[in-house]
Amino acid sequence: MSKVIVSSLYESEVFKMACRQFDIAADAINLPENIRDRTKYPRRAIAVALPIQRQDGSVTVFEGYRVQHNLSTGPSKGGIRFHQSVTIGEVAALAMWMSWKCSLAGLPYGGAKGGVIVDPNQLTELELERLSRRYMQELVNFVGPEIDIPAPDLGTNEKVMGWMMDTYSNHAGRIVPAVVTGKPISLGGSQGRREATGAGVAYLVKRYLEDLQIPLGQATAIVQGFGNVGSETALAMDAYGIKVIGISDYTTAIYNPKGIDLKKAVTYLKCQRVLHHFDGGEAISNEALLEQKCTVLAPCALERVITEQNAAKIQCRILAEGANGPTTNAADRILDQREEIEIIPDVLCNSGGVIVSYFEWLQNLQSYYWSRDEVMTKLFTILDRAKEAVESQKRKMQFSRRLAAQTLGIQRVAEAKAARGLFP
Ligand code: NAD
């Protein structure tokens, strides 16, 4: 019998949610007791203080984290989040999900995640650069191409990854592009990485619509969040002929049953930084947007937005989880009863990002670069394989799609841990 001494370190609703999902999955596949806690709890966590000189001359100390959940199946991999509500518990939950996601896609990585408690919209460009560099500086001994490879997430982007790569390389005394992924192309970024997560979400949506025999031209979509994942998901669905009738960001939600002009929205965002006052449709609340009738609902912003309160009210055929952890466990129980809704769970749905991050890392290690077509073809092949594995597990075990995806991810990590044994 394995025993874990549980501390309050990761105490948070989202960590509880990830642990509960793990327990349900572990019970469903009768995971041996001896391997459970080793597989479930993060391997290590680092907390760092980040003093930054502001442009007015004052100094602010920000707090940051990196949680490496699993290092047994390869270096760990996962994004860095800059957001005011970051907690170490949230970062730990996201690191857990990264482990199952990498495992499900068959990537040679464990899961990790990082975060800094900061609203990046309140920083100047120079302050953002200082914070990004300082974060990497504090993590220099804990990350690296064979240890842990960060990437962008909520509130970070390719520019931030470029600064982090430069900081790490300056410490190493040589260029080390493979230390982070999601970099600008000019610094060894991969073709297709910026749009990879959204392209993957849209590709899976297309494949599930085909399974449901719903013509793409008759489908409508609503996307919550219009950042990297949300905007690329919307654009890729639009390119498939799916009509996008709702988009949102943290300032507003825009609804237009005739279809939203996405190019106009992207241009507006470039100039204004937010969608507030965008005139491409009716402005409604973010909550109301999630409850509008559509074929595809794609939450692509934060976790825990589909809840006990709105799960009975959403009106879609496909819930495509572009964000990590957008559906609470209580909402899941309600959605399980609503057979008309097909959920594409986050660990499958948004895995396009980490899959192309893997390609970027491979290209950096080999200094041999691929075309966008090669990247996309290989991405869709892996997504098809993962989808097929999930569907087969779902049929064979009579599981929900989320349980099927999570059990596959967890099983592979547990098997690797068991095979390695305990040291010493
Ligand atoms: P981003 O910072 O580029 O965009 C986030 C978007 O969400 C912004 O438009 C923001 O305004 C919006 N938003 C924030 N709070 C909101 C709210 N309360 N209501 C509505 N919209 C809100 O972040 P991103 O990289 O697109 O990440 C979004 C989600 O996707 C996160 O859950 C992240 O973990 C997940 N994810 C990202 C990647 C990636 O490659 N970037 C990969 C896999 C999963």
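His 83 is buried, its relative accessible area being 17%; here buried means under 20%, exposed over 50% and partly exposed in between, with a 1.4 Å probe and protein chains only. The model is predicted, so local features need pLDDT of at least 70 and side-chain atom pairs count only at pLDDT 80 or more, while totals for chains, interfaces and linings use all residues. Residues are numbered from 1 along each chain as its sequence is written, and side-chain values use heavy atoms, with hydrogens and water left out.

**Around His 83**

- You will find His 83 in strand E3 (residues 76-83); strands (E, at least two residues) and helices (H or I, at least four) are DSSP runs numbered from the N terminus.
- Beyond its neighbours within four places in sequence, His 83 is in contact with Val 116, Ile 117, Val 118, Leu 154 and Leu 302, where contact means heavy atoms within 4.5 Å.

**The ligand**

- The ligand is surrounded by 24 residues, and the closest are Asp 153, Gly 155, Thr 197, Val 229 and Asn 324; a residue is near a molecule or strand if one of its heavy atoms lies within 4 Å of it.
- A polar backbone atom of Gly 155 is 2.8 Å from an oxygen atom of the ligand.
- For Phe 226, a backbone N or O atom lies 3.0 Å from a ligand oxygen atom.
- Arg 193 takes part through its side chain, with an N or O atom 3.2 Å from an oxygen atom of the ligand.

**Aromatic rings**

- Rings of Phe, Tyr and Trp (its six-membered ring) pair if their centres lie within 6.5 Å; planes under 30 degrees apart count as stacked, over 60 as edge-to-face and the rest as tilted.
- By this rule there are nine aromatic pairs.
- Tyr 358 and Trp 361 have ring centres 6.2 Å apart and planes at 35°, so this pair is tilted.
- These two residues, Tyr 358 and Trp 361, are about one helical turn apart because they are three residues apart in helix H12 (residues 352-366).
- Tyr 358 is buried at a relative accessible area of 17%, and Trp 361 is buried as well, at 10%.
- One aromatic cluster is formed by Tyr 109, Tyr 358, Phe 359, Trp 361 and Trp 370.

**Charges over rings**

- Lys 378 has its charged end over the ring of Trp 370, 4.6 Å from the ring centre; this calls for NZ of Lys or CZ of Arg within 6 Å of the ring centre and within 35 degrees of the ring normal.
- The charged end of Lys 387 sits over the ring of Tyr 208, 4.6 Å from its centre.

**Cysteines**

- The structure has zero disulfides, a disulfide being a pair of cysteine sulfur atoms within 2.5 Å.
- Cys 294 is in no disulfide, and the nearest cysteine sulfur, in Cys 316, is 5.3 Å away.
- Cys 294 is buried, with 8% relative accessible area.
- For Cys 349, the closest cysteine sulfur is that of Cys 300, at 7.4 Å, which is too far for a bond.
- Cys 349 also counts as buried, at 0% relative accessibility.

**The loop at Ile 185**

- Ile 185 sits in the loop between helix H5 (158-172) and helix H6 (193-211), and its 47% relative accessibility makes Ile 185 partly exposed.
- With neighbours within four places in sequence left aside, Ile 185 is in contact with Ser 190 and Gln 191.
- Ile 185 and Gly 162 are 23 residues apart in sequence, and their C-alpha atoms are 9.7 Å apart in space.

Terms used
A polar contact is a pair of N or O atoms within 3.5 Å; within protein, one must be able to donate a hydrogen and the other to accept it, and residues adjacent in sequence count only if both atoms are side-chain atoms.
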